[in-house]
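Student: I would like to go through this model by asking what each term in its description rests on. Could you set each value against its definition as we go?

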Amino acid sequence: MPTAPHTGPLPARRSRWGEHGLAWAFLLPSLVVFVLFIGYPLGRTLYLSGHANDLFGAPSRYVGFKHYTDLFASADFVRTLTTTALFTLFTVVPGVLGALVLVLLLENRIRGVRLLRSAFALPFAFSVASASVVFAVFFNPASGVLNGLLSHVGLGPIGWLTDSRYALLSVAVTTVWMNLGYNVLVLSAGIGSIPGEILEAARIDGASGLRLARSITVPMLGPNLFFLTVVSTVHALQSFGQIHILTKGGPDGSTRTLVYSVYEKAFAYGSSDFGTASAQAVVLLVVVLACTAVQFGVLERKVHYA
């Protein structure tokens, strides 16, 4: 007699293979994108950093770690690292703390608070290019708004973008303004997620104003502040557009950050020193990873997750 078809559960081994195959099928598009846009560029950068190149930028011979040793023996590169650190400090700290102060002030029950929130979040809608052009008008030494205000109080004009004493600070102010809208949105969302009963209990206990912010609001915003600190640091280390539009790394290299130095070595002014540029890019990657690791190792311990 013919046997009845098997209708029971599939063997466990065949079921596991099917699940694994389905999982890899879902992961395959992401893996392809990762390899094409992250894995291959990173591998190519490491390869170029260990090779000298000809006039056309093609790798010619293996030089090992020579590009790295030459970089750290160069006073210009050390100055570039210092400028990058100062630019990061000038943008991350005011950007995060300024947004925190604004959000805390906007929590007060004042008229038009919704309009003010929208106004402070508006910079998030500006692109890097458009915001840089606007600030280039503000910083114009001849017809700029800032020098016009200085002339009304009897002060002489300042070369905001042409004087090495002010150029880095001017670019940092532009960057802080561009990041302010995003920071305000993130912190506003964080305040909105704080349970109302916690704030109400604190007010019943007599906490208000600065004491309420210091004891309740700011600690509850710990995850948001930590997130903004990490993201703002990475963005500052990778900033390029505003530097290129406003100062092009000048004057006298005072705004030449590590990212802009990579651009100058690889592409600017007909340059094709891809070996040195790739070595600088690897150093930048290490700096970003080191900053992120330190922030996760130090700051995250003080974060309170509700």
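Tutor: Let us start with the largest cavity, to whose lining helix H3 (75-106) and H7 each supply at least two residues; the helices named here are DSSP runs of H or I with at least four residues, numbered from the N terminus. The model is a predicted one, in which local features need pLDDT of at least 70 and side-chain atom pairs count only at pLDDT 80 or more, while totals for chains, interfaces and linings use all residues. Residues are numbered from 1 along each chain as its sequence is written, and side-chain values use heavy atoms, with hydrogens and water left out.

Student: What makes this space a cavity, and how many of 30 Å³ or more are there in the whole structure?

Tutor: On a 1 Å grid over the protein atoms alone, a cavity is a set of points where a 1.4 Å probe fits but cannot get out. The search of the whole structure finds one cavity of 30 Å³ or more, and about 30 Å³ of space lies in the largest cavity, the volume being the space filled by probe spheres set on the points.

Student: Which residues line the largest cavity, and what makes a residue part of the lining?

Tutor: A lining residue has an atom within 4 Å of a point, and those of the largest cavity are Thr91, Val92, Gly95, Val96, Asn179, Asn183 and Ser232. H3 gives the most, with four residues. By class the lining has two nonpolar, five polar and no charged residues; Val92 and Val96 are nonpolar because Val is in the group of Ala, Val, Leu, Ile, Met, Phe, Trp, Tyr, Cys and Pro, whereas Asp, Glu, Lys and Arg count as charged and the others, Gly among them, as polar.

Student: Which residues of H3 and H10 meet, and what counts as a contact?

Tutor: Contact means heavy atoms within 4.5 Å, and in H3 the residues that meet H10 include Thr91, Val92 and Val96, with Ser232 among their partners in H10. By class this contact has eight nonpolar, six polar and no charged residues.

Student: How are H8 and H9 oriented, and why does the angle settle the name?

Tutor: Helix H8 (residues 196-204) and helix H9 (residues 209-220) pack at about 165°, with axes 11 Å apart. That makes H8 roughly antiparallel to H9, because angles over 145 degrees take this name, while those under 35 are roughly parallel, 65 to 115 roughly perpendicular and the rest oblique.

Student: Which residues of H8 and H9 meet, and how do they divide by class?

Tutor: Ile198, Leu199, Ala202 and Arg203 in H8 meet Leu212, Ile216, Thr217 and Met220 in H9, and they divide into six nonpolar, one polar and one charged.

Definitions and conventions:
Axes fitted to C-alpha atoms, helices over the stretch in contact; angles between N-to-C directions. 1 Å grid on protein atoms, 1.4 Å probe; cavity = no way out; pocket = protein on both sides within 12 Å on 5 of 7 lines; lining within 4 Å.
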